[in-house]
Amino acid sequence: MENSGIYVGLDIGTTSIKVVIAEFMKSQLNIIGYGSSHSAGLSRGVIVDIDQVVATIKETIKQAEQKANIEIDNVTVGVPANMLQIQRCKGMIAVGGQDGNSAEITDEDVHEVTRAALVQNLPPERDVIDIVPDEFFVDDIDNIKDPRGMMGVRLEMQGVMYTGPKTILHNIRKCVQRAGLKIQDIVVAPIALSEYALSDAEQDFGAVLIDLGGGQTTAAVVHDHKVKYTYVDQEGGDYVTRDISIVLNTSFENAETLKRNYGYALAEMASSEDSIPVEVVGQQEDEMVTEEYLSEIIEARMRQIFEKIKQSLGSINAFQLPGGVVLTGGMAALQGVTELAQEIFEVPVKIFYPQEMNLRSPQFSQVIGLIEDTTHQNEINMVVKSTLNNIDAVVNQEPVQAAPSMKAVKKANMKSVKTKPRKAAKPVEKQAKQNKSAEKKHHSISGLKDWFGSFFD
């Protein structure tokens with residue numbers, strides 16, 4: 001399903017906040033305005049100072065509005081993969097009434113079965129981001145994608161529910177609200193990015209998508225058009241810049257300039273003879289360093305990031321997927337990053353560049369992906385996700401008892417619900433838990449490998 005109109009993507013990143021305004025008409029996305037500002041108030045993808053983030057959002061919005069010559073009211077915002085958790089959910093209702101007769105399935109029935117699937121306990125510190133149906137069952141017929149309009153007595157839905165820390169979600173909503181905006185949709189960022197950056201074949205047969213951001217690096221394993229596993233490394237481009245700053249005793253700003261203009265991710269590609277001047281703190285005269293020495297500093301950190309990704313994803317055989325590795329994000333523009341990744345991952349590697357005019361840089365992939373994800377909404381997923389408008393009264397109820405009668409399930413789900421269409425993301429089958437000890441990862445990785453391998457059977 002494609003929806004014409006004006007769409008706005010808001011990417012709240014650790015190093016920069018980006019806004020893109022696009023017009024979507026006749027299956028064509030046209031960028032009409034964009035803005036980008038240096039972030040303040042974020043650490044490792046998480047908001048830590050609301051006031052600073054609000055000020056930066058306002059500044060970036062103003063840039064985009066001036067270019068597009070329109071005022072922005074609603075935005076689609078991405079949620080990072082930090083501490084994202086996924087669990088299976090299942091609901092069933094009677095649609096034929098108490099007399100057992102069949103009836104035509106409507107939007108309200110889809111809302112009811114979704115609420116039934118959401119009746120389960122959640123930890124008090126977590127909130128529901130999204131719910132995505134895998135399939136519906138009408139009586140004894142399975143593998144139904146959209147049951148509306150069909151006749152039946154019993155409707156069942158199986159799907160996936162995504163939850164995130166309430167603090168992260170609250171802070172995102174609060175910042176957007178205080179910036180004078182409304183949230184049209186909240187999207188799990190790696191899912192939106194994978195739909196945009198990977199081809200249909202790569203999403204189908206499988207590929208690894210690595211977003212090389214400034215504050216952190218996120219790797220997503222995609223197969224059968226679903227994100228099945230994610231890994232977040234709390235190191236990114238800023239760590240590379242900081243290394244340069246410390247080793248060369250120069251300011252962070254100078255280190256960033258050196259990295260972008262002269263650096264290589266693979267030192268053997270840099271010149272050992274060409275020297276570049278470096279402004280050293282406390283010295284009047286610049287010091288000269290070779291491109292090779294600068295690149296050795298860069299390579300050390302990039303190699304460390306890639307090695308950790310290889311260890312995490314290699315344990316589940318993700319690099320056996322035929323699509324290889326696709327790099328994007330700001331650090332993907334660094335010279336030699338493809339060659340270094342190929343050396344470490346030992347699979348084909350390529351960089352994804354957006355093709356939109358004036359935004360042909362991998363650093364804009366995420367924010368454009370948010371818009372692309374919104375404009376290609378699946379109608380039944382929109383109906384399911386709209387149920388989340390009243391989710392607060394649902395998720396903290398007691399779980400439904402095993403094998404309830406259809407009459408009892410019907411009675412428990414007769415509350416009305418507002419149907420404001422919203423976008424749903426693709427299913428995620430497994431999420432790497434962050435900030436756990438190496439020992440816990442060691443004990444759990446064997447079971448994870450067996451579980452993940454079943455997706456490729």
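Which residues in helix 2 meet which residues in helix 11? In this predicted model, Asp107, Val110, His111 and Thr114 in helix 2 meet Ile380, Val383, Val384 and Ser386 in helix 11. The points below begin with that pair of helices, go on to two further pairs, and then turn to the pocket and the cavities.

**Helix 2 and helix 11**

- Helix 2, which covers residues 107-118, and helix 11, which covers residues 379-386, pack at an angle of about 55 degrees, and their axes are 8 Å apart.
- Helix 2 passes helix 11 in a right-handed crossing, and the contact between helix 2 and helix 11 has 4 nonpolar, 3 polar and 1 charged residues.

**Helix 8 and its two partners**

- The axes of helix 8 (residues 291-314) and helix 9 (residues 337-345) come within 10 Å and cross at roughly 40 degrees, and the two helices are therefore oblique to each other.
- The crossing of helix 8 and helix 9 is right-handed, and on the helix 8 side the contact involves Glu299, Met302, Arg303, Phe306, Glu307, Ile309 and Lys310.
- On the helix 9 side, these residues are met by Val337, Leu340, Ala341, Glu343, Ile344 and Phe345, and the contact of helix 8 with helix 9 divides into 8 nonpolar, no polar and 5 charged residues.
- Helix 8 also packs with helix 6 (residues 237-248), where the axes come within 9 Å and cross at roughly 135 degrees, and helix 6 and helix 8 are therefore oblique to each other.
- In the right-handed crossing of helix 6 and helix 8, helix 6 contributes Tyr239, Val240, Asp243, Ile244, Val247 and Leu248 to the contact, while helix 8 contributes Tyr293, Leu294, Ile297, Ile298, Arg301 and Met302.
- By class, the contact of helix 6 with helix 8 has 10 nonpolar, no polar and 2 charged residues.
- Met302 of helix 8 is listed in the contact with helix 9 and also in the contact with helix 6.

**The largest pocket**

- The largest pocket holds about 1000 Å³ of space, and among the 48 residues that line the largest pocket, the closest to its centre are Thr15, Lys18, Gly213, Gly214 and Gly215.
- Helix 7 (residues 252-262) gives the largest share of this lining, with 5 residues, and the lining of the largest pocket as a whole has 18 nonpolar, 22 polar and 8 charged residues.

**The cavities**

- The count comes to 2 cavities of 30 Å³ or more, and the largest cavity contains about 80 Å³ of space.
- The lining of the largest cavity is made up of Ile12, Leu42, Gly45, Val46, Ile47, Gly78, Pro80, Thr167, Ile168, Asn171 and Ile172, which divide into 7 nonpolar, 4 polar and no charged residues.
- Strand 5 (46-47) and helix 3 (166-178) each supply at least two residues of the lining of the largest cavity, and helix 3 gives the largest share, 4 residues.
- The second largest cavity has a volume of about 30 Å³, and it is lined by Val79, Pro80, Asn82, Met83, Leu84, Ile129, Gly164, Pro165 and Ile168.
- By class, the lining of the second largest cavity has 7 nonpolar, 2 polar and no charged residues.
- Pro80 and Ile168 are listed in the lining of the largest cavity and also in the lining of the second largest cavity.

How values were computed
Residues are numbered from 1 along each chain as its sequence is written. This is a predicted model: local features need pLDDT of at least 70, side-chain atom pairs count only at pLDDT 80 or more; totals for chains, interfaces and linings use all residues. Side-chain values use heavy atoms; hydrogens and water are left out. On a 1 Å grid over the protein atoms alone, a cavity is a set of points where a 1.4 Å probe fits but cannot get out, and a pocket is an open set with protein on both sides within 12 Å along at least five of seven lines; lining residues have an atom within 4 Å of a point. Grid points are joined across faces, edges and corners, and a volume is the space filled by probe spheres set on the points. Ala, Val, Leu, Ile, Met, Phe, Trp, Tyr, Cys and Pro count as nonpolar, Asp, Glu, Lys and Arg as charged, and the others, Gly among them, as polar. Axes are lines fitted to C-alpha atoms, for helices over the stretch in contact, and angles run from 0 to 180 degrees between N-to-C directions. Angles under 35 degrees count as roughly parallel, over 145 as roughly antiparallel, 65 to 115 as roughly perpendicular and the rest as oblique. A crossing is left-handed if the near helix is turned anticlockwise from the far one by less than a right angle, and right-handed if clockwise. Contact means heavy atoms within 4.5 Å.
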